[in-house]
Amino acid sequence: MTLTEKAAYLKGLAEGTALDATKPETKLINAMLDLIGELTEAVDRLEDITDELHDYIEEIDEDLGEVEEFIMDEFGDEDDCDCDCDCCCDDDDDDEYYEITCPSCGEVICFDETVDPADLVCPACHEHFDCICDGCCDCEDEEEEDKE
């Protein structure tokens, strides 16, 4: 039995008892039954709205899944990145990536061999700094060659 059916059943029971309409108890019972009827109508409307929103959310979830799939197909999966930073390393390349930390702001920066490590600029704070990658790349060798 639904809430609306139960409310109608209670109202029918009250009408079937032939209560004296002039007594305060009867007025109270009738007012409570009217309130119960209004509440069941409100609950029914809320259930309808909830069902409609649920269907809409499912449609949005499906659309979002398609967008995620498109993005993953176009730009690759970030989980495939060799480094721990948030850069967009592409594993399809056989290039080696290096990771250093900016001494000014602490931002982790990834770069490959196409970037001159002596001319690195932090994308976060725009601070220019010398390569401090502790032997992860050829920049120390290049500095020694420049001195000679």
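1. **Ground rules.** This is a predicted model, in which local features need pLDDT of at least 70, side-chain atom pairs count only at pLDDT 80 or more, and totals for chains, interfaces and linings use all residues. Residues are numbered from 1 along each chain as its sequence is written, and side-chain values use heavy atoms, with hydrogens and water left out.

2. **Overall layout.** The protein has three helices and four strands, arranged along the sequence as α-α-β-β-β-β-α. Helices (H or I, at least four residues) and strands (E, at least two) are DSSP runs, numbered from the N terminus.

3. **Cover and contacts.** Of the 148 residues in the protein, 17% are buried. Here buried means under 20% relative accessible area, exposed over 50%, and partly exposed in between (1.4 Å probe, protein chains only). The protein exposes about 11700 Å², with carbon and sulfur atoms supplying 50% of it; areas come from the Shrake-Rupley method with a 1.4 Å probe, and for residues only the protein chains shown count as cover. Among contacts (heavy atoms within 4.5 Å) between residues at least 6 apart in sequence, 21% join residues at least 24 apart.

4. **The core.** Have a look at Y98, I100, C102, I109, F111, L120 and C122: these seven residues form the largest nonpolar core. Strands β1 (97–101) and β2 (108–112) each supply at least two residues of this core. A nonpolar core is a set of buried Ala, Val, Leu, Ile, Met, Phe, Trp, Tyr and Cys residues joined through side-chain atoms within 4.5 Å. In soluble globular proteins, nonpolar side chains tend to be buried together.

5. L64, V67, F70, I71, M72 and F75 make a nonpolar surface patch of about 620 Å². One of these residues, F70, lies in helix α2 (residues 24–75). Patches are made of residues with over 30% relative accessible area and no salt bridge, with like charges joined within 9 Å and nonpolar side chains (Val, Leu, Ile, Met, Phe, Trp, Tyr) within 5 Å. A salt bridge is a side-chain nitrogen of Lys or Arg within 4 Å of a carboxyl oxygen of Asp or Glu.

6. T40, in helix α2, is buried because its relative accessible area is 8%. Its side chain reaches the backbone oxygen of G37 at 2.7 Å. Leaving aside neighbours within four places in sequence, T40 is in contact with L3, T4 and A7. T4 lies in helix α1 and, at 35% relative accessibility, counts as partly exposed. T4 and D44 are 40 residues apart in sequence and 8.1 Å apart in space, C-alpha to C-alpha.

7. **A buried aspartate.** D112 lies in strand β2 and is buried, with a relative accessible area of 12%. The D112 side chain makes a polar contact with the side chain of T114 (2.4 Å). A polar contact is a pair of N or O atoms within 3.5 Å; within protein, one must be able to donate a hydrogen and the other to accept it, and residues adjacent in sequence count only if both atoms are side-chain atoms.

8. **Two positive phi values.** Most residues other than glycine have a negative phi. A18 has a phi near 55 degrees; A18 is found in the loop between α1 (3–16) and α2 and is exposed at 65% relative accessibility. H126 has a phi near 60 degrees, lies in the loop between β3 (120–121) and β4 (128–129), and is exposed, with a relative accessible area of 62%.
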